[in-house]
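Please look through the structure shown here, and then follow the paragraphs below, which lead from single residues to the arrangement of the chains.

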Protein chains: 2
Amino acid sequence: MSNEEAPIQQQQVDLEKTPEPAEPKPAEPHPAPAEEPQQPAAAPSADDAQEESHTFRALVLTGHGGYDKIKLQVKTQRMAAGSGELLVRVKACGLNFAELMGRQGLYDALASPPVTMGMECSGVVEAAGEDVEDRKAGDRVIVLSSSGLWQELVVVAADQTFLMPDAMSFQEAAALPVNYLTAHMMLFEMANLRPGKSVLVHMAAGGVGIAATQLCQTVPGVTVFGTASASKHETILQGGLSHAIDYRTKDYVEEIRNISPAGLDIVLDPLGGSDTNKGFGLLKPMGTIVVFGAANCVTGQKKNLLAIAKTWYNQLSISTMKLMQANKSVCGFHLGYMKDFSLIRTTMETLLGLYTEGKIKPRIDSTYHFEEVADAMRRMQERQNIGKVLLLPEPKKEEEKVPEKEAEKEEEKPAEAPASPQEEEKAKPEEAKEDQG
Amino acid sequence: MSNEEAPIQQQQVDLEKTPEPAEPKPAEPHPAPAEEPQQPAAAPSADDAQEESHTFRALVLTGHGGYDKIKLQVKTQRMAAGSGELLVRVKACGLNFAELMGRQGLYDALASPPVTMGMECSGVVEAAGEDVEDRKAGDRVIVLSSSGLWQELVVVAADQTFLMPDAMSFQEAAALPVNYLTAHMMLFEMANLRPGKSVLVHMAAGGVGIAATQLCQTVPGVTVFGTASASKHETILQGGLSHAIDYRTKDYVEEIRNISPAGLDIVLDPLGGSDTNKGFGLLKPMGTIVVFGAANCVTGQKKNLLAIAKTWYNQLSISTMKLMQANKSVCGFHLGYMKDFSLIRTTMETLLGLYTEGKIKPRIDSTYHFEEVADAMRRMQERQNIGKVLLLPEPKKEEEKVPEKEAEKEEEKPAEAPASPQEEEKAKPEEAKEDQG
């Protein structure tokens, strides 16, 4: 929980800007994720490459370590939608904790470098492959994948895409999937949230925290406790949190016991380590803790062996005998390891319905162009964000580079894609400044 | 899972029949259970004892060990309902696994001997104390307690009693609480059972197994796998089980994988040890295992150190990291450790409603008089029962002692209590014979 104080070394991302590929390099070998064939097409054959090659920007993790390990590359290769696939021009990508861990080599579901990360994006279908009946060029889609989406152009399995509601912006669409799926599946599949229950949400100003807070409000009488630094309290309380606790100046266990002496029904724990033990102790009988991360491992830019050792040492290891005597449940959740896509699909449909009914709305913290990925990651790692941090594939315009203005302007006049009917979320310049200052 | 083969030494219960208390011994010190003041009244004062003393039969655990450690005693002491209490004449008591473990000294929620066990019974209110407004003499009630109910007359807190539905027999009433509360809270509070899910119920012919099978049928499209020895399959399949597996001749993991290659949504595990690991392995992503016993510890009549060591050695101890990578939940449940009586109360109300609607009906395996408690325990420990084993406080009649006829006749003509409107469940003589032969 003390990660925010951890010193961070400022580093610049190296940009390999090669807009005109002087030396046509071989296609980056993209190790396909476990079971999903949505990676870019294989290296072009001599024939194909000549007749239909694409040039696009991609963020590539070239090795494990600090922010400088992610390079912006411009690739030229043939991208074609095969059977059951779509070619999608990406408008916005989500940044997740899994990618901070992946960069440090702490996320074993990610293939070895070089690899393109990115589990969620929004975009416009450019072409649909054979056997794709329910998607066509021009469709605005949300895409989910185990990795590979941080690039301007992606080839994905059609059945891992979802049509965006008309009212949804590209930025909202990129901000929704991972955070809301995670929050919804934890609250409703694992923890069985029902009226009148009490929930603790750590990192309540983070993407999952805000999603969980909104989803808790779809159930009557749910009390939501959230931890976050004091400067974020006003915003998250407006977002529906019942009690905001500044974990940096107060003992959150004590604060919660003061308000709710009997304890809590549900704890959502993205921290791991000793915080899991504290959360377990806070549960009422029949209570459930869902561990969905080990953010306590991620302190500083590079793999922090001491933090990892400490987190692991304190990792809750429960005997079933102890669980029986306490009448408690311990669950683990990580969307990246979810093999059952049918549940993801039905949950996404539920979430898109809730969005359309106005019951949930992703909060965009800030947007960064691909070339600013280091700033984006630093903002998340230092826990400065309130809501989602997004990456935009389109290059930062020259005039934008002087002030710290974000890139929402480009969304309003998309090149070849049908424009989003509503304005994108405005990034908060003063928050971006906090990060960049 | 190999307990059924374990050799059992035949032993007789010592009966201390002292119908006329020649030497008026001091009241048995009944250590009160943790938070429930429903134990028999304290030792009578000199005055009270003279004016209103009761003589009643009680089963007393006199030390940890074999069947002979439970003595039938006849006590004479004043039994009066204090404020908020009821004096109840007991008609039938449930036998549970916790009492097998308690006798062996393996159940730490039970006070040290001498102590009277018994967590559930049915009976008739003889007198209501002050401040009890919703119960009166003559009411037929179900009683729950952490212990102390295996006696003819008990003083209990009124708010730990439930009025029996008119159609319910005393035997059903004594068979329902622990098994159905356990099954219901595991399936619906912890495991979030919903339509179309698959469930594995170990010891499917046991009290909880039959309760769980019936409760699964209240939800559409639930597939229930159950393990039991082959001789019980016909009965439990008639009871609604989808697939019966003879764990003694087949590898249940393999059998289940053959039928459901993707695995299971829910495993209810009363066994512990290596079976918990197998159950965990059988879970689908988002699946839940609820461990609610360590029956693998209870082999043979006395504490079996080898079985305990083996069960503990194989006890699942899960790191949260492993849970995250598997997207699974591990829960522990034990009604005896449940401190939150409000949830027990609402669940009992739900269960009594389901009984009245005809959706659940406790299956009585057999009934034993108090003096036959060793036979009752042996039947359960050797896993010969199909359904609930009950203990009856009323003495066995002389004419009954020749054949192995059970005691349901007495229920039909209760002495001072309003008769149950329906006939009690008939005990199955042929099954009783299997036990006693």
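At 1% relative accessibility, B:Cys216 counts as buried, where buried means under 20% relative accessible area, exposed means over 50%, and partly exposed covers what lies in between, with a 1.4 Å probe and protein chains only. The model is a predicted one, in which local features need pLDDT of at least 70 and side-chain atom pairs count only at pLDDT 80 or more, while totals for chains, interfaces and linings use all residues. Residues are numbered from 1 along each chain as its sequence is written, chains are lettered from A and ligands numbered from 1 in the order in which they are written, and side-chain values use heavy atoms, with hydrogens and water left out.

How many disulfides does a search of the whole structure find? A disulfide is a covalent bond between the sulfur atoms of two cysteines, and it is counted here as a pair of cysteine sulfur atoms within 2.5 Å; over all chains the search finds 0. B:Cys216 is accordingly in no disulfide, and the nearest cysteine sulfur, which belongs to B:Cys331, is 15 Å away. B:Cys331 is in no disulfide either, and its nearest cysteine sulfur is that of A:Cys331, 5.9 Å away. With a relative accessibility of 1%, B:Cys331 counts as buried.

The two chains can be compared by superposing them, which is done by least squares on the C-alpha atoms of residues with pLDDT of at least 70 in both copies. A rotation of 180°, with 0.0 Å of shift along its axis, places chain B on chain A with an RMSD of 0.0 Å, and that is the relation of a two-fold axis. Of the interface residues of chain B, 100% are also interface residues in chain A, so the copies meet through the same surface.

Within chain A there are 14 helices and 17 strands, where helices (H or I, at least four residues) and strands (E, at least two) are DSSP runs numbered from the N terminus. Chain A has 437 residues, and 60% of them count as buried. Contact means heavy atoms within 4.5 Å, and among the contacts in chain A between residues at least 6 apart in sequence, 74% join residues at least 24 apart.

One pair of helices can be followed in detail. Two packed helices are described by the angle between their axes and the distance between the axes. Here the axes are lines fitted to C-alpha atoms, for helices over the stretch in contact, and angles run from 0 to 180 degrees between N-to-C directions. Helix H4 (residues 177-190) of chain A packs with helix H11 (residues 341-356) of chain A at an angle of about 100°, and their axes are 10 Å apart. H4(A) is therefore roughly perpendicular to H11(A), on a scale where angles under 35 degrees count as roughly parallel, over 145 as roughly antiparallel, 65 to 115 as roughly perpendicular and the rest as oblique. The residues that meet include A:Tyr180, A:Leu181 and A:His184 in H4(A), and A:Ile344, A:Thr347 and A:Met348 in H11(A). By class, this contact has 8 nonpolar, 3 polar and 1 charged residues, with Ala, Val, Leu, Ile, Met, Phe, Trp, Tyr, Cys and Pro counted as nonpolar, Asp, Glu, Lys and Arg as charged, and the others, Gly among them, as polar.

In chain B, 14 of the 14 residues of helix H4 (residues 177-190) are buried, so this helix is largely enclosed by the rest of the structure. H4(B) is followed by B:Asn192, whose phi is positive, near 55°. In chain A, A:Asn192 lies in the loop between H4 and strand S9 (198-201), and its phi is near 60°, a positive value in a residue other than glycine. A:Asn192 is buried, with a relative accessible area of 7%. B:Met203, in the loop between strand S9 (198-201) and helix H5 (207-216) of chain B, also has a positive phi, near 50°, and is partly exposed, with a relative accessible area of 21%.

Most residues other than glycine have a negative phi, and most peptide bonds are trans. The peptide bond from A:Pro113 to A:Pro114, however, is cis, with omega near 0°, and A:Pro114 lies in the loop between helix H2 (97-103) and strand S5 (120-128) of chain A. A cis peptide bond also joins B:Pro113 and B:Pro114, with omega about 0°. B:Pro113 is one of the residues touched by B:His64, which is partly exposed, with a relative accessible area of 43%.

Technical notes
Lists of a residue's contacts leave out its neighbours within four places in sequence.
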